[in-house]
Amino acid sequence: MCCSVLQVLSKDLLTVRQLVEDVVAQLGGSAGGASLAGAAVHDTCAAVDTMHDNHLHSLLPRVRACDASVAEFLLRCGDAKSRMTKDVLQQLQGIAAQQSRIRDMKHKLAVFDEVLARQAA
């Protein structure tokens, strides 16, 4: 949807540039035909005004709808990131607790090995 809006705007930009260049050429080349040049300027302005109305009533609401969709998506991504971060933190805390238990168990085994070695001696 947004790509079609960009295509329409790009096409309209090229059209307006061409219209402006045509009017400038007509005004520069017609010293005696000022009334014809004035009519051409009026027609060009009407064409640009029609494009403006189309942009205002058709394209702008579509762009606003795209913006609202992107804003909602951004909020959902932020919420998902927060939940994921919380889950990762809980997993890391669980891993740290297990590592601590393993370390304590190794120390206890070392003490038991030392006691066993003394008893055997």
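Mentor: The answer below begins with the whole chain and then turns to single residues.

This is a predicted model, in which local features need pLDDT of at least 70 and side-chain atom pairs count only at pLDDT 80 or more, while totals for chains, interfaces and linings use all residues. Residues are numbered from 1 along each chain as its sequence is written, and side-chain values use heavy atoms, with hydrogens and water left out.

The secondary structure of the protein chain consists of two helices and zero strands; helices (H or I, at least four residues) and strands (E, at least two) are DSSP runs, numbered from the N terminus. The chain is more spread out than a compact globule, because its radius of gyration is 37 Å, well over the 14 Å that the globule rule gives for 121 residues. That radius is taken over C-alpha atoms, and the globule rule is 2.2 Å times the number of residues to the power 0.38. Along its principal axes, the C-alpha trace spans about 125 × 25 × 15 Å. Of the 121 residues, 8% count as buried, where buried means under 20% relative accessible area, exposed over 50%, and partly exposed in between (1.4 Å probe, protein chains only).

Helix α1 covers residues 2-29 and contains Asp-12. Asp-12 counts as buried because its relative accessibility is 7%. Leaving aside residues up to four places away in sequence, Asp-12 touches Met-51 and His-55; contact means heavy atoms within 4.5 Å. Val-8 is also found in helix α1, and with a relative accessible area of 25% Val-8 is partly exposed. The C-alpha atoms of Val-8 and Leu-59 are separated by 8.7 Å, although these residues are 51 residues apart along the chain.

Helix α2 covers residues 34-120, and Thr-44 lies in it. Thr-44 is buried, since its relative accessible area is 15%. With residues up to four places away in sequence not counted, Thr-44 touches Leu-19 and Val-23.

A disulfide is a covalent bond between the sulfur atoms of two cysteines. The structure holds zero disulfides, a disulfide being counted here as a pair of cysteine sulfur atoms within 2.5 Å.
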